[in-house]
Amino acid sequence: MRITDIQRCEVRPGRLVEWTLSPATVAAATALPEDSRPPAYIQESHIRTAKCVRDGGLFVPTWLGTAFDIPGPVDLDVLQEALRAWTVRHETLRSGFRWAGASGDELRRFTLDPADVSLRREEVGDFPDADALVRHLQDRFDAVADALRWPNLIYTAVVRDDGASVYLAFDHSNVDAYSVHRIAAEVHELYAAGLSGRPADSRTPAASYVDFCEIERADADGIDSGHEIVARWREFIRRCDGTLPGFPVDLGLPPGGPLPPQRMLSEPLADADEAAAFEAYCRPYGGSLVGLLAATGLIVHELGGQPVYRTVVPFHTRVKSRWSESVGWYVGAAPIEVPVDRTPGFPYALRAVRAELQANRSLARMPLARVLRLLGAEFRPTSPDLYSIVSYVDTRDIPGAAHWAEQRAYGLLRVSYGDQVCVWVNRLPEGLWLASRHPDTDVAAKTMRLYVERLRDRIAAVAHGSLPAVC
């Protein structure tokens with residue numbers, strides 16, 4: 001599934017239909033007692049950061065979403081029930097937070113029973129112009145899929161005689177990229193079941209992310225500032241001058257300036273044969289993730305001159321199979337430091353990255369937000385965007401991946417404001433796809449274009465045998 005934004009996912013004209021949680025569902029949620037299961041640290045950090053930025057006068061949309069086609073003519077009643085059944089199956093989508101406590105500064109959870117969840121459908125109208133439709137969808141997703149409101153999800157369909165394009169958006173607190181990648185297949189399955197008259201969802205209910213939050217938080221609350229994981233992060237942050245690392249190149253940003261608008265970069269990186277050859281070359285050292293990080297370290301040294309490539313690597317936290325079908329935000333982070341000024345070549349960088357990941361990957365199981373809370377004043381954030389990332393996911397085994405091209409399936413990112421660089425590389429059946437958000441400056445655009453071109457060249461050089469064999 002290609003990652004992109006709403007402007008680049010083949011939006012076509014049609015009749016727009018929208019679903020949100022019904023007034024009856026919202027009223028039921030208002031009357032609910034507290035759910036004792038706490039937010040995950042990553043959820044709480046996300047919501048508090050959104051509130052801080054909003055209180056400072058800036059609205060920064062951060063929703064994630066997906067787009068995919070359903071062949072037609074489409075039965076909207078059946079589609080609505082498929083969407084409702086899918087929502088009910090994943091408990092986090094019917095769970096939210098309120099500000100509570102004596103100071104009004106504590107996040108308390110509430111969770112709806114499945115029977116209380118219903119959708120309201122609204123016929124928005126015809127959009128003969130695709131650009132106008134894109135603007136409308138983005139504005140609606142910004143308004144509804146917002147960290148500081150509930151419900152914070154919205155479903156839409158653009159209906160035509162030959163089918164419909166479905167667009168779903170969620171605040172990031174309830175979904176990660178893996179969750180988004182699974183949606184198309186699940187909704188297609190539920191819709192097909194509804195058309196045939198079968199029960200909408202006879203499968204075992206998905207494990208609850210809300211339960212995971214409780215388990216993970218209990219583990220995280222069991223450590224203190226003297227724990228080994230905290231100590232290792234402390235040393236890493238000290239070497240980053242009290243903060244977390246950004247992308248070590250010039251982005252054209254003045255020191256201390258306001259949070260800048262960002263730009264999206266989304267394009268193919270390698271074809272299927274090149275992706276396979278790159279993976280085969282890097283496999284002795286851990287595979288394509290290691291290769292991408294090693295290549296990035298060398299390239300940013302060429303572009304920016306930093307002697308050590310420091311970054312934070314995202315890893316999923318679905319370490320037990322019970323969470324594999326669950327929708328939620330299952331992401332942790334681990335630090336790595338790779339000397340690149342004295343590295344004689346790509347194979348040596350591969351070895352260095354592998355050693356760092358082997359030593360530090362286990363740190364990703366402890367929520368970074370918990371670690372930073374324990375560090376207190378030792379950590380000095382300079383931006384609501386805490387750090388830059390380079391992420392890699394092989395999506396080919398995700399259910400439904402073989403049908404993404406014919407379904408015009410996309411993972412959607414909202415690109416709004418931020419002073420960091422985030423790079424996502426996905427392995428698809430057709431090859432490697434890169435998406436990135438970066439500050440919208442001429443300097444950053446030029447730098448990121450050079451980075452992507454050199455990354456593409458390095459992958460091609462590996463694939464076509466222009467680098468020495470790894471030994």
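# Close-up views of a predicted model

**Figure 1. Thr4 and its surroundings.** Setting aside neighbours within four places in sequence, Thr4 touches Cys9, Met264, Ser266, Tyr410, Gly411, Leu412 and Leu413. Contact here means heavy atoms within 4.5 Å. This is a predicted model: local features need pLDDT of at least 70, side-chain atom pairs count only at pLDDT 80 or more, and totals for chains, interfaces and linings use all residues. Residues are numbered from 1 along each chain as its sequence is written, and side-chain values use heavy atoms, with hydrogens and water left out. Thr4 sits in strand β1. Helices (H or I, at least four residues) and strands (E, at least two) are DSSP runs, numbered from the N terminus. With a relative accessible area of 1%, Thr4 is buried. Buried means under 20% relative accessible area, exposed over 50%, and partly exposed in between (1.4 Å probe, protein chains only). The side chains of Thr4 and Ser266 make a polar contact at 3.5 Å. A polar contact is a pair of N or O atoms within 3.5 Å; within protein, one must be able to donate a hydrogen and the other to accept it, and residues adjacent in sequence count only if both atoms are side-chain atoms.

Figure 2. Strand β13 covers residues 410–413. Tyr410 and Leu412 point one way, Gly411 and Leu413 the other, and all are buried. Strand β1 (residues 2–4) pairs with β13 in the parallel sense, over three bridges. Two strands pair if DSSP finds at least two bridges between them. Within β13, Leu412 is the bridge partner of Thr4. Strands β3 and β13 run antiparallel, joined by four bridges. There, Ala67 has Tyr410 as its bridge partner in β13.

**Figure 3. The largest nonpolar core.** This core holds 54 residues, and those with the most contacts inside it are Trp19, Phe68, Leu79, Trp86, Tyr155 and Phe170. Two or more residues each come from β2 (14–21), β3 (64–71), α3 (76–89), β7 (153–160), β8 (163–170), α5 (177–196), β14 (422–428) and β15 (431–439). Helix α3 gives the largest share, eight residues. A second, separate core has 47 residues, including Ala334, Val340, Val421 and Leu434. A nonpolar core is a set of buried Ala, Val, Leu, Ile, Met, Phe, Trp, Tyr and Cys residues joined through side-chain atoms within 4.5 Å. In soluble globular proteins, nonpolar side chains tend to be buried together.

**Figure 4. Tyr155 in close-up.** Which residues surround Tyr155, leaving aside its neighbours within four places in sequence? Tyr155 is in contact with Val17, Glu18, Trp19, Leu83, Trp86, Thr87, Leu93, Leu119, Tyr167, Leu168 and Phe170.

**Figure 5. Helix α11 and its cover.** Helix α11 spans residues 368–375. Its buried residues are Leu368, Arg370, Val371, Leu372 and Leu375. Their cover includes α2 (41–55), α6 (209–220), α7 (228–239) and β11 (331–339). Just after α11, Gly376 takes a positive phi of about 60°.

**Figure 6. Ser436 and Cys422.** Ser436 lies in strand β15. At 0% relative accessibility, Ser436 counts as buried. A polar atom of the Ser436 side chain lies 3.0 Å from the backbone oxygen of Cys422. Beyond its neighbours within four places in sequence, Ser436 contacts Arg263, Met264, Leu265, Val421, Cys422, Val423, Trp424 and Met448.

**Figure 7. Cysteines without disulfides.** The structure holds zero disulfides, a disulfide being a pair of cysteine sulfur atoms within 2.5 Å. Cys52 counts as exposed, at 56% relative accessibility. Cys213 counts as buried, at 0%.

**Figure 8. Asp241 and Glu378.** Asp241 is in the loop between α7 and β9 (262–271). At 64% relative accessibility, Asp241 counts as exposed. Asp241 and Glu378 lie 137 residues apart in sequence, yet 9.7 Å apart in space, C-alpha to C-alpha.

**Figure 9. The whole protein, for orientation.** The protein has 13 helices and 15 strands. Its radius of gyration is 22 Å, close to the 23 Å that the globule rule gives for 471 residues, so the protein is as compact as a globular protein of that length. The radius is taken over C-alpha atoms, and the rule is 2.2 Å times the number of residues to the power 0.38. Along its principal axes, the C-alpha trace spans about 65 × 55 × 40 Å. Of the 471 residues, 55% count as buried. Among contacts between residues at least 6 apart in sequence, 81% join residues at least 24 apart.
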